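Subject: Handover of a structure and notes on its contents

Dear colleague,

Please find below the structure that I am handing over to you. My notes on what was found in it follow directly after.

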Amino acid sequence: MHRFRRVAVAAVVAALTATNLAACGGGDSEDSSANVLKLWHYESANSAMGIAWDRAIEIFKEEHEGVEVRFERKAFEQIQQNAGMIINSSEGPDIMEYNKGNATSGLLSSQGLLTDLTEEATKRGWDKALSPSLQTTARYDNGVMGSGNWYGVPNYGEYVMVYFNKELFAEHGVSVPTTMAEFTAAMDTFVAKGVTPLGMSGAEYPAGQLFYQLALSRADRAFVNNYQLYANPVDFKADPMRYGAETFAEWVRKGYVAKDSASLKAEDMGTAFMSGKAPMIVSGSWWYGRFKSEIKFDWDSFLFPGNTLHAGSSGNLWVVPETSKAKNLAYDFIDITLRPEIQGLIGNNGGVPVSGDPATISDEKDRRLVENFNNISSQDGLAFYPDWPVPGYYDVLVSGFQSLINQSKTPDQVLDSIAKPYQDGVAEIKRN
């Protein structure tokens, strides 16, 4: 699941540190007559991306007679924890799916382990197909995303929204909110009926993402650039960070979020929603396909009310290891995944294509999922994720917001606890 792709970035750092980066040469001597393409990814066969990429492999074979595709489906943890060693080896792939962000693709690009795709991006029009928000995760300058050369190409997106149980809304006379005031009024209605309105997980990413959505309700693009791209220092004791933490704490006090959710995993939150116990959860599009196939009641989604900025980004990247001996074939495969047919398959199977046409999507829910993403992306509204800025920050945020849920720390104390690791991490990145 995509939700796990922002976990344990420190493991990548450790793996790279242990790797002798000088042990293997680069891929400059690519064989122009390569007849094998080694391709790795970690999407399940029945996921939107798995279905679409299986078709992309078929098209590739049709258009490259005599070329063998050696596809291997890997566990996410295999690649996440050993990426440096994998792609610095002659046994590695020619193209693979890899996590976006400074601590992963950025780190490997800064070590010279990924092929610079800038020329291909211009030649093949990838730079025109992807919005500025989506290009942020594809481009890195000394390992920092947002500018510089292309080291990866996404072909799907993801974003955080509010999933809701339409039957519980109808039962309690609650309408879909479009403003923050309406959102809190809806939650007050549920609380008055003895129902906790928001499912939550404090032991994994959801709490940090709710905090970030709240902060983004008071933020602008300048804040995102400061926080994510280090354009200027971030004051954690001022809005929007202060508003995010104080409002989260207030929501716990009001009963919008259960105090005992501090120890729950994301899976607990998701299954509670799927069982019909939680009226709403704030989480990402990576749940969508599973909800569509497993939920028996009537449900839908809406954007976080009132926000113009939303947690979200491109999906993971196609990267080409510098050691690849079939780079041109790898570029051709990336090209295929951006074609309308493949983008349509992603959209019609509950995924979020980066350049999908909603008119080609038959299911109303699927179409709305894509329309909302397109609206966010076209307005430069993707604000990435709260744990992205520095390696190891995921665990810092989990610990901080668990303390906010169980009320063992005040908002001020939590902001202090998440500020220093961020500031130290940014300082380290800038030193390097």
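In what order do the 5 strands of the open sheet stand, and what is their pairing? The order is β2-β1-β3-β13-β7, and the pairing is mixed. The edges are taken by β2 and β7, each of which has a single partner strand, so one side of each has no neighbour in the sheet. Please note that this is a predicted model.

Strand β1 and its partners

With strand β2 (residues 68–73), β1 pairs in the parallel sense over 6 bridges. Within this pairing, Val36 stands opposite Glu68, and Leu37 stands opposite Val69. Between β1 and β2 the chain passes through helix α2 (residues 48–63), and this β-α-β crossover is right-handed. Helix α2 lies across β1, β2, β3 and β13 (317–319), and runs at about 165 degrees to β2.

Strand β1 also pairs with strand β3 (residues 95–98), again in the parallel sense, through 2 bridges. Here Trp40 has Met96 of β3 as its bridge partner.

Leaving aside residues up to four places away in sequence, Val153 touches Leu117, Trp126, Leu130, Asn316, Leu317, Trp318, Ile334 and Leu338. One of these contacts, Trp318, is 165 residues from Val153 in sequence, yet the two are 5.1 Å apart in space, C-alpha to C-alpha.

Helices α10 and α12

Two packed helices are described by the angle between their axes and the distance between the axes. The axes of helix α10 (residues 206–216) and helix α12 (residues 241–253) come within 8 Å and cross at roughly 120 degrees. That angle makes α10 oblique to α12, and the crossing of the two is right-handed. Where they meet, α10 contributes Ala207, Leu210, Phe211, Leu214 and Ala215, while α12 contributes Met241, Tyr243, Gly244, Ala245, Thr247, Phe248 and Trp251.

With kind regards

Conventions
Residues are numbered from 1 along each chain as its sequence is written. This is a predicted model: local features need pLDDT of at least 70, side-chain atom pairs count only at pLDDT 80 or more; totals for chains, interfaces and linings use all residues. Side-chain values use heavy atoms; hydrogens and water are left out. Two strands pair if DSSP finds at least two bridges between them. Helices (H or I, at least four residues) and strands (E, at least two) are DSSP runs, numbered from the N terminus. A crossover is right-handed if, with the strands pointing away from the viewer, the path from the first strand over the helix to the second runs clockwise. Contact means heavy atoms within 4.5 Å. Axes are lines fitted to C-alpha atoms, for helices over the stretch in contact, and angles run from 0 to 180 degrees between N-to-C directions. Angles under 35 degrees count as roughly parallel, over 145 as roughly antiparallel, 65 to 115 as roughly perpendicular and the rest as oblique. A crossing is left-handed if the near helix is turned anticlockwise from the far one by less than a right angle, and right-handed if clockwise.
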